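Student: Could we go through this structure together, with the cut-offs behind each term stated as we meet them?

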Amino acid sequence: MAAERAIGDNDSMNSEITLEETILTREEMARLLNEDLAGEYQAVIAYIVYSQVIKGAAYTAIAKELRVHAAEEMEHALKIAQQVDYFGGMPTVTPKSVKTSNDAKQMLRFDLENERITIANYRERIKQAEAMGEFALSETLREIILQEQEHEIDLCNALGINLNDDFLS
Ligand SMILES: [Fe+2]
Ligand SMILES: [Fe+2]
């Protein structure tokens, strides 16, 4: 956790070195949230496309699930865009790149890989938000990360792997 900092001694929230971590400026937080937003756009696009092209009886259930994920990722994008604006940034219009494949399993692996990156990023972002005293942001991110973890579980189940397995190895 951040070391103590006197309230009111720095209204502009400029970064200041504490014993354990640097508190982000609002500008830095806006930039990081914009990277998160680009990842949410990526997720929306991937889930829309994959939900339509994944074929085969074995994948009927997960294809339906991916449609649900697409809608949830759009809600995440809206919430993150709102936070970028709150922190004084302009929400990005550019998604992170989306990988494609003709193989159903490969598409699910891409999704799982992205969810795991997203979860790691939001864990970091929640800590950074709390260090700034930005509890509304932290609360919003906690709601989002809960759904990202559900997405991760759905994908693991569809791939028949354990939650903690490193499927890349
Ligand atoms: Fe998301
Ligand atoms: Fe997700």
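This is a predicted model: local features need pLDDT of at least 70, side-chain atom pairs count only at pLDDT 80 or more; totals for chains, interfaces and linings use all residues.

Tutor: Residues are numbered from 1 along each chain as its sequence is written, and chains are lettered from A and ligands numbered from 1 in the order in which they are written.

Student: What pattern does the chain follow along the sequence?

Tutor: Helices (H or I, at least four residues) and strands (E, at least two) are taken as DSSP runs and numbered from the N terminus. On that basis the chain has four helices and zero strands. Read along the sequence, the pattern is α-α-α-α.

Student: What percentage of the residues of the chain count as buried?

Tutor: A residue is buried if 20 or more other C-beta atoms, placed from the backbone, lie within 10 Å of its own, exposed if 12 or fewer, and partly exposed in between. Of the 169 residues of the chain, the share that counts as buried is 28%.

Student: How are H1 and H2 oriented to each other?

Tutor: Axes are lines fitted to C-alpha atoms, for helices over the stretch in contact, and angles run from 0 to 180 degrees between N-to-C directions. Helix H1 (residues 26-53) packs on H2 with the axes 8 Å apart and at an angle of about 160°. Angles under 35 degrees count as roughly parallel, over 145 as roughly antiparallel, 65 to 115 as roughly perpendicular and the rest as oblique. H1 and H2 are therefore roughly antiparallel.

Student: Which residues of H4 does H2 meet?

Tutor: The axes of H2 (residues 60-86) and H4 (residues 135-159) come within 11 Å and cross at roughly 160°, which means that H2 is roughly antiparallel to H4. Contact requires C-beta atoms, placed from the backbone, within 7 Å. From H2, the contact involves Ile62, Glu65, His69, Glu72, His76, Lys79 and Gln83, and the residues they meet in H4 are Leu137, Thr140, Ile144, Gln147, His151, Asp154 and Ala158.

Student: Against which helices do the buried residues of H4 pack?

Tutor: H4 has 25 residues and reaches 36 Å from its first C-alpha to its last, close to the 36 Å expected at 1.5 Å a residue, where the expected span is 1.5 Å times one less than the number of residues. Its buried residues include Leu141, Glu148 and Leu155. They pack against H2 and helix H3 (104-132).

Student: Which helices are included in what covers the buried residues of H3?

Tutor: H3 has 29 residues and spans 42 Å from its first C-alpha to its last, close to the 42 Å expected. Among its buried residues are Met107, Leu112, Tyr122 and Met132. What covers the buried residues of H3 includes H1, H2 and H4.

Student: Which residue just after H3 takes a positive phi?

Tutor: The phi in question is about 80°, just after the end of H3. The residue that takes this value is Gly133.

Student: With which residues is Phe87 in contact, leaving aside its neighbours within four places in sequence?

Tutor: Phe87 lies in the loop between H2 and H3, and it counts as buried because it has 22 C-beta neighbours inside 10 Å. Its C-alpha is separated by 9.1 Å from that of Arg31, 56 residues apart along the chain. Leaving aside those sequence neighbours, the contacts of Phe87 are Arg26, Met29, Ala30 and Leu33.

Technical notes:
Two residues are in contact if their C-beta atoms, placed from the backbone, lie within 7 Å.
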